[in-house]
There are 2 protein chains.
Amino acid sequence: MKTYLAADVGGTHIRVGRYPVEGTEPISLKRITTHGEGDATDRLINLIEEMLPGDDSVAGLAVAAPGPLDPKAGIIFSSPNIPGWVNFPLRKILENRFHIPVELGNDANMATLGEWQYGAGRGHHHMIFMTISTGIGGGVIDDDRLVLGHRGLATELGHVTLIPEGPMCGCGQRGHLEALASGTAIARYVSEQLKLNYPSSLKSIQYPSAKDISLAAQNGDALAIEALARSGSYIGQALANYLHIFNPTVVVFGGGVTLSGSYLLDPLRKSLARRVMSPAYLADLQIKTGELGDDAGLLGALALVRSLHPLC
Amino acid sequence: MKTYLAADVGGTHIRVGRYPVEGTEPISLKRITTHGEGDATDRLINLIEEMLPGDDSVAGLAVAAPGPLDPKAGIIFSSPNIPGWVNFPLRKILENRFHIPVELGNDANMATLGEWQYGAGRGHHHMIFMTISTGIGGGVIDDDRLVLGHRGLATELGHVTLIPEGPMCGCGQRGHLEALASGTAIARYVSEQLKLNYPSSLKSIQYPSAKDISLAAQNGDALAIEALARSGSYIGQALANYLHIFNPTVVVFGGGVTLSGSYLLDPLRKSLARRVMSPAYLADLQIKTGELGDDAGLLGALALVRSLHPLC
């Protein structure tokens, strides 16, 4: 029986799973920390080694990796949490070592594939996935294919300008969606308002995180509710643009911030409805949260290796 | 010998050409006005009738039509200059009449296909086309395919918000690229500045058009130069977003306003370079003006019918 390997390399953990030809239930799955004894590359190689069966039954491996990367060339341009991975030919390294086909995808695109094949986007041909956590990432399925662009740098959905001279973004530009609506931006906004003596239960926490703010909102804290609404409103504004650009039938949200549920999503829908230029864009549109949680990237890698190395 | 028919229906003219299996030289080509005796549909049908040879040598027909339309369903949602074309099943009507395969594409997407197959985008796999005239339209080739979305409403590249509470757009929303940088927007800006007594050679013209402004810029008029630079700067800002979304290797500009050349394109490039988040997006990028002019849509229709009904 043939099997597939899927790996997800994150800033804190590396996971590798071995899967049968169908379904999302792993035959075996193991998780280690990304940083520890040996560098991240060695740790990944050792974990794959451990997961490989003693025979030649593995039809291929795909790796979901953080940071911009070129999936065709198999090269990671840079990775925020893994210092050595700069113009790093991870695919070649793994292929030379294991003599099996290796595919590479960035984490946001792999999460998109995962939710599309096995999660909230199942059955759709046109999908936008946005992940709202520390940063904002995304991916797009157009006509059953991932939009990648020339070197895999497409669908950076967090890096669209909403306010030309707005707050500084992690990428160095100003006023991007990520700088206005990510978990980091929500926490920054709350901190600023607390400094201005906005009354809030969050006063008791030194640096309230997006998670603290989400909890406070659920307890009725007005500042927390406002901060999430502000983020949702910006996301809705950006999403209106993305509907005009991609005309999808489903938008799937992932990432920690979406746990804020209606505190984020209601203002998002309102802002979207106000900004979209024709009701035609909303007519067949579903807006959902992801079904796969932290497994989206891993299962997306599985979807990738299965689609590129089919066994039939 | 098999041949193809391509039609381009515009607000002022209808053109139909008959073409061989290869090349862009028509066997015959005819142009009539869109409005005249009979309605636009009858005029189109009569012209096609006239262009059909007496045998069954025509392998298919494609029509480039104005306004949003669903290419899969073959339905025109609405057409700004042809009042009767509202949810109009043009494909079915033409198929029933001529008993040949009929394809439909909107004018901006057809111009994209035309420039990609036969013009400035030849040989590229990832291309953005933007047409800057009365309005701003566009199309995108990703991995050798036109991005269409669920009902063909994708890549409305003029309808991205640049200034949230900016000037009113033709679509009813505010602050869209089209409202800030189209030929109409350039003319409006100049008129406003003239009212404020900005000194300019354009004072002598009652309502200076984008073409008048382009000519004045070439004669050194400071207001005209500023108006074109302002437009170019906004387009560059939007284009930075589009590079982050599509990561193309070529951007092709069409439409009358691009005749302004460097008065528009130099500020555009400058603004783009300032706004793009990584030089990687510019590394392999060419920025060009279209090669096909007014033929782009017609030749795009030709490309469409050839690709969907190949003779080999």
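1. Basis of the note. This is a predicted model, in which local features need pLDDT of at least 70 and side-chain atom pairs count only at pLDDT 80 or more, while totals for chains, interfaces and linings use all residues. Residues are numbered from 1 along each chain as its sequence is written, and chains are lettered from A and ligands numbered from 1 in the order in which they are written.

2. The chain contact. Chain B gives 34 residues and chain A gives 34 residues to the contact, where two residues are in contact if their C-beta atoms, placed from the backbone, lie within 7 Å. On the side of chain B that touches chain A, α7 and α9 (280–283) each supply at least two residues, and α7(B) has the largest share, with five residues. (Helices are DSSP runs of H or I with at least four residues, strands are runs of E with at least two, and both are numbered from the N terminus.) That side of chain B divides into 14 nonpolar, 13 polar and seven charged residues; Ala, Val, Leu, Ile, Met, Phe, Trp, Tyr, Cys and Pro count as nonpolar, Asp, Glu, Lys and Arg as charged, and the others, Gly among them, as polar.

3. Domains of chain A. The assignment gives domain 1 (3–107 + 294–308) and domain 2 (120–290), with bounds that come from an automatic or database domain assignment. Their C-alpha centres lie 28 Å apart, and the contact takes seven residues from domain 1 and six residues from domain 2.

4. A sheet in chain A. Five strands form an open sheet with mixed pairing, in the order β3-β2-β1-β4-β7, and its edge strands are β3 (28–33) and β7 (102–106). Strands β1 (residues 3–9) and β2 (residues 13–19) of chain A pair in the antiparallel sense over six bridges (two strands pair if DSSP finds at least two bridges between them), and A:Ala7 stands opposite A:Val16 in β2(A).

5. A sheet in chain B. Another open sheet of five strands with mixed pairing has the order β10-β9-β8-β11-β12. Here β10 (145–146) and β12 (286–289) stand at the edges with a single partner strand each, so one side of each is left without a neighbour in the sheet. Strands β8 (residues 127–132) and β11 (residues 250–254) of chain B pair in the parallel sense over five bridges, and B:Phe129 has B:Val252 as its bridge partner in β11(B).

6. Helices around α7(B). The axes of α7 (residues 222–246) and α8 (residues 262–275) of chain B come within 7 Å and cross at roughly 35°, where axes are lines fitted to C-alpha atoms, for helices over the stretch in contact, and angles run from 0 to 180 degrees between N-to-C directions. Helix α6 (residues 210–218) of chain B packs against α7(B) at an angle of about 115°, with axes 7 Å apart. In that packing, B:Ile213, B:Ser214, B:Ala216 and B:Ala217 of α6(B) meet B:Ala224, B:Ile225, B:Ala227 and B:Leu228 of α7(B), and these residues divide into seven nonpolar, one polar and no charged.
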